[in-house]
Amino acid sequence: MEFNYSTTECEKSCRDIHRSWNELSRLGAALAHLTRSERRQIKDTYRAMFHDDLVERLHGEHMSNPKNELYKMLYIWMLDPAERDAILVRDAIERSLVDYQSLVEIYTRRKSDLLFFTKQAYLVKFKRNLDQDISSEPSHPFQRILAALATSRQSHQDNTSQHIAKCDAKRLHEVGKGGTGGVDESVILEIISKRSIPQLRLAFTSYKHIYGHEYTKTLKGSSGEFEQSLRLAVKCFYTPAKYYSKILHTCIEGATVDKRILSRVIIGSEDVGMGEVKRHYEKTYGKKLKDAICDRIPVGDYRDFIVALITGPVSA
């Protein structure tokens, strides 16, 4: 595996982290600028230098300070993607009302093979089967959409076909011809279960090219629970930068800023491209994302870390 850090740079960063445990702002600054590959290298080097597990240390600090959102975010930030998503999935399932929006984000933003590793991490950490936990909740259309997405990711590669995309676009149009926004659920789930996320994106691009409008516009007129659930899922995987920037805007500009959602979306944006999210946010809302956050969140360690994440080098 290729890393951006030299051994000397990595060891220096580990020393900085080790000296920062009693200074939360300094600790956040030391971790925020790290890319995913650098975070992996830092964890290995820190363990070798100080005989301590950096992630477990952060988890301990979070458990000792449960109301401090930054400790939780630092812990989540430093986890491997599969472990991180396993924890976010468990958090979504355990809420009084299952947070299906968070589950859809996790199921759609990762590369094809990584959902398997998320399920394995979930099993190891919680001694539970993820598919069973989701299906055991009261019946909801999102459960069927998530099951279809999981089936797709187990069975298909990311190679795309323009011909298949056009055929799928025409099928999507045919099953929604009634004009009420209702769709044939079985056909939709069949398409989702047989296509990779890149192939689905191509199908919805073809739909717009052929019929002159987004597929989600067809669903907008329906009050059906399945159609509204499908509309959110399509927005999430078809135009992720638009989707995440809207979630951020709603979160930031609400009566109170929901730090749980803000943290989840900022970290999730690493997978879909923070640069794209920031550009779309500024284009749509006329303000830089950094400025919007600074206007609504009080000065402090949490805000500093959030700003560092959205302005720093966030890449694999």
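# A helical chain, piece by piece

H51 sits in the loop between α3 (36-50) and α4 (54-64), and that's a handy place to start looking at this predicted model. Zoom out and you'll find 20 helices in the chain, with zero strands. The chain has a radius of gyration of 21 Å, close to the 20 Å that the globule rule gives for 316 residues, so it is as compact as a globular protein of that length.

**The whole chain**

- Of the 316 residues in the chain, 48% are buried.
- Take the contacts between residues at least 6 apart in sequence: 72% of them join residues at least 24 apart.

- Is H51 buried or exposed? With a relative accessible area of 72%, H51 is exposed, because the cut-off for that label is over 50%.
- K127 also turns up in a loop, the one between α8 (114-126) and α9 (130-135).
- Phi of K127 is near 55 degrees, again a positive value in a residue other than glycine.
- K127 has 67% relative accessibility, so it counts as exposed.

**Helices α5 and α17**

- Helix α5 covers residues 69-78 and helix α17 covers residues 259-272; they pack at an angle of about 25 degrees, with their axes 11 Å apart.
- Angles under 35 degrees count as roughly parallel, and α5 and α17 are therefore roughly parallel to each other.
- Their crossing is right-handed.
- On the α5 side, the residues involved are E69, M73, I76 and W77, and they meet K259, R260, S263, I266, I267 and E270 in α17.
- Sort the residues of this α5 and α17 contact by class and you get five nonpolar, one polar and four charged.

**Helices α6 and α8**

- The axes of helix α6 (residues 81-94) and α8 come within 8 Å and cross at roughly 70 degrees.
- That makes α6 roughly perpendicular to α8, because angles of 65 to 115 degrees get that label.
- The crossing of α6 and α8 is right-handed.
- From α6, the contact uses A82, E83, D85, A86, I87, V89, R90 and I93, while α8 brings F117, T118, A121, Y122, K125 and F126.
- By class, the contact of α6 with α8 has nine nonpolar, one polar and four charged residues.

**Helices α16 and α18**

- Helix α16 (residues 240-252) packs with α18 at an angle of about 60 degrees, and their axes are 8 Å apart.
- α16 passes α18 in a right-handed crossing.
- Which residues of α16 and α18 meet? A241, K242, Y244, S245, K246, L248, H249 and I252 in α16 meet E276, V277, H280, Y281 and Y285 in α18.
- The residues of the contact of α16 with α18 split into seven nonpolar, three polar and three charged.

**Helix α20 and its cover**

- In helix α20 (residues 301-311), the buried residues are Y302, R303, F305, I306, V307, L309 and I310.
- What covers the buried residues of α20? The cover includes α2 (24-32), α5, α17, α18 (274-285) and α19 (289-296).

- A148 lies in helix α10 (residues 141-155).
- A148 has a relative accessible area of 5%, so it is buried, the cut-off being under 20%.
- Skip its neighbours within four places in sequence, and A148 is in contact with L189, I192 and S193.
- A148 and R195 are 47 residues apart in sequence, and their C-alpha atoms are 9.4 Å apart in space.
- P138, on the other hand, lies in the loop between α9 and α10.
- P138 is exposed, with a relative accessible area of 63%.
- Not counting residues up to four places away in sequence, P138 touches Y100 and Q143.
- P138 and V124 are 14 residues apart in sequence and 25 Å apart in space, C-alpha to C-alpha.

Notes
Residues numbered from 1 in each chain as written. Predicted model: local features only at pLDDT ≥ 70, side-chain atom pairs only at ≥ 80, totals over all residues. Heavy atoms only, no water. Axes fitted to C-alpha atoms, helices over the stretch in contact; angles between N-to-C directions. Helix = DSSP H or I, 4+ residues; strand = E, 2+ residues; numbered from the N terminus. Parallel < 35°, antiparallel > 145°, perpendicular 65-115°, else oblique. Left-handed = near helix turned anticlockwise from the far one by under 90°. Contact = heavy atoms within 4.5 Å. Nonpolar A, V, L, I, M, F, W, Y, C, P; charged D, E, K, R; others polar. Rg over C-alpha atoms; globule rule 2.2 N^0.38 Å. Buried < 20%, exposed > 50% of the residue type's maximum accessible area, 1.4 Å probe, protein only.
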